[in-house]
Structures are given as structure tokens and as C-alpha cells.
Amino acid sequence: MQYKDYYQILGVEKKATLEEVKKAYRKLTKKYHPDINPGNKEAEEKYKEINEAYEVLGNPEKRKKYDSFGNEFNYQNGYNFDPSQFGFGNGQFEFKTTGGGNYSDFFNLFFGEGGLDLGNLFGQKGPRFRGTRSQFVYPGEDVESELRITLEEGFQGAEKQISLRGRTEQKSLSVKIPKGIKEGEKIRLKGQGEQGVNGGENGDLYLTLRFHPHSHYSLEGINLTTTVDILPWDAALGSEVTVKTLDSTIKVRIPSGIQTDNKIRVAGKGYIDRNETRGDLYIKVRIINPSSISPEMKSLFEKLKDLS
């Protein structure tokens with residue numbers, strides 16, 4: 001019988017996490033799925049082999065038993081070994097198990113009903129694997145989507161109701177937006193992805209957060225920038241303006257002689273992070289002319305022109 005290296009089949013390291021195993025499995029099943037490869041016997045066999053590998057490596061208890069055997073005898077993929085050395089068939093290779101027909105003899109030898117008791121094999125007490133399922137268990141696929149929120153919702157935290165259409169159903173979900181979330185962060189909703197098959201666990205839903213464009217602010221990190229318009233005489237002489245922040249209204253002093261695109265920094269009035277550290281608010285000045293002027297104003301402008 002040939003030893004099957006399930007790690008090699010899935011293309012993962014032996015120290016791979018369950019999430020890495022799951023990711024590799026999903027990638028390969030998409031590539032070799034019968035619907036994508038109709039009539040391709042080679043792809044069909046590869047698909048079965050991939051599912052068998054995941055049936056073991058995706059199950060922590062089975063994986064532990066499989067690793068115990070592999071580490072004990074250091075077999076490589078395709079290595080021929082004789083099951084009779086473990087008490088089957090008296091050297092005639094005629095062992096029988098009652099495992100599912102979709103699994104290889106190698107799988108059934110270890111995990112089928114009547115298969116090897118690895119606990120006894122290594123002189124340990126432990127339960128025997130009795131895999132009797134005839135169908136593969138498929139975990140549901142993870143789903144990725146975007147969720148758009150306002151800057152204020154991100155600043156304060158919020159709860160959003162969303163509606164998503166999956167392959168088999170449309171569902172409504174309540175999503176909690178943590179205070180201080182940043183653009184591009186992901187929220188994971190466990191088990192809210194596609195449904196598993198034959199008892200497989202559901203996939204997860206990953207929502208990438210995006211902010212709606214804001215009419216007053218631009219965001220960089222946790223700092224905000226806004227623009228205020230002032231008239232020429234306010235820029236020349238200095239003035240005071242009222243500015244709205246995300247959570248209050250403040251008065252800001254405009255120094256005399258300020259120029260267009262100069263910025264005034266107001267500490268601690270910007271956005272916020274998960275640790276509730278507040279960024280700064282930068283007020284960019286734009287000098288504008290009055291849309292209409294009276295004869296008296298025109299006369300004064302002419303005098304200013306002469307003086308300058």
C-alpha cells in the first residue's frame with residue numbers, strides 16, 4: 001500500500017494552521033471541481049484526493065493520529081509499506097475495512113471502521129477511529145464584501161443592518177461597527193459565509209470597511225482636514241470663525257496676514273482610533289472675494305490698490 005502525504009497533496013507545510021489548510025483546500029477544490037472539469041477523470045481523482053486530505057488535516061483529532069503515524073515511521077508520499085506489519089492480512093495484503101467508498105484504502109486503513117487502532121500501535125490507550133461516512137464533508141466558502149459607513153459612524157461606533165444574497169438565500173444581518181475603525185479594516189462574522197455541505201462548518205463573512213466621501217472632511221490616519229473660506233480683510237486683519245468638528249462646534253482664531261492654503265492645527269479634534277486616541281483637526285484657509293461689492297467698497301478697494 002502506498003503512503004499518502006496529505007500535506008503534500010494540499011501543498012501546505014506540516015506546521016500549517018487550520019486556516020491555512022482550509023485556504024489551500026478551497027483553492028484546490030475550485031481548480032479541480034468536476035463542474036469546471038467535466039469528463040476529466042484525472043481532475044476527478046485529484047478532486048477526491050484533495051477532499052480526502054482535507055477530511056484528515058481539517059479534523060484536529062484525525063490530524064493528530066495521522067501525524068503520530070507519519071512521525072513514527074517517517075514515510076514519504078508514495079512509499080510502499082506492508083499493512084501486515086501492523087496486523088493485517090498475514091502478509092497477503094488482504095485486510096478489509098468498512099470505510100466509505102469515496103475514500104482510499106489508505107484512509108480506511110487508519111480511519112475506517114475496523115481500521116488500525118493507533119493508540120494500541122504506539123502502546124497508548126486511546127479511542128479507535130471509526131469513520132463510517134460515505135460522503136465528503138465540505139466546509140462552506142468564505143465570503144468577502146464591502147460595507148460603507150459615514151465618518152461619524154466610524155468615529156462614534158454604530159450598529160448597521162445589512163442584507164446579503166448568497167448562493168442559496170438572502171439574509172439580513174446586524175453588524176456592530178467598533179468605535180475608531182479605520183478605512184480598509186475588516187470585520188469577520190464567523191459562520192455567516194456560504195453554508196457547509198454534509199455537516200461541514202459554514203464559511204465566514206469578511207466585511208471590508210469603506211467610508212463614504214465626506215462633504216467637509218478628508219481623513220489621513222486619525223487626522224482630519226477641513227477648509228474654511230474667509231474674506232480678504234479677515235485674512236489681513238485676523239478674525240474668528242466657527243468650525244464644526246465630528247462631535248462639537250468650536251471657535252478658531254484666524255491670525256492676521258494668513259495666506260490661502262495655510263493651515264491652522266487644532267489638537268485633539270480629529271478622528272479617533274481603537275485606543276480612543278484622538279487625532280488633530282487641520283483647518284485650511286481659502287481666501288475668497290465677495291460675490292458683489294457696493295460703490296463704497298469698490299472705492300475702498302481702489303484706494304487699497306493705490307496704496308499697495
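Select R210 first: this residue is partly exposed, with a relative accessible area of 26%. The model on screen is predicted. R210 and E146 form a salt bridge, and their closest N and O atoms are 3.4 Å apart. R210 sits in strand β5 (residues 205–211) and E146 in strand β1, so this pair ties together parts that lie 64 residues apart in sequence. E146 is also partly exposed, at 46% relative accessibility.

Next, select K30 and E141. Their side chains meet in a salt bridge, 3.9 Å from N to O. This pair, too, links distant parts of the chain: K30 belongs to helix α2 (residues 18–32), while E141 is in the loop between α6 (118–121) and β1 (143–149), 111 residues apart. Color the two by accessibility. K30 is partly exposed, with a relative accessible area of 46%.

Move on to K62 and E55. Are these two residues buried or exposed? Both K62 and E55 are buried. They form a salt bridge, with 3.9 Å between the closest N and O atoms.

Then select K41, E44 and K48 together. These three residues are linked in a network of salt bridges. Side chains of opposite charge can pair when their charged atoms come close.

To end the tour, show every salt bridge. How many does the structure hold? The count is 17 salt bridges, including the one between R210 and E146 and the one between K30 and E141.

Technical notes: Residues are numbered from 1 along each chain as its sequence is written. This is a predicted model: local features need pLDDT of at least 70, side-chain atom pairs count only at pLDDT 80 or more; totals for chains, interfaces and linings use all residues. Side-chain values use heavy atoms; hydrogens and water are left out. A salt bridge is a side-chain nitrogen of Lys or Arg within 4 Å of a carboxyl oxygen of Asp or Glu. Helices (H or I, at least four residues) and strands (E, at least two) are DSSP runs, numbered from the N terminus. Buried means under 20% relative accessible area, exposed over 50%, partly exposed in between (1.4 Å probe, protein chains only).
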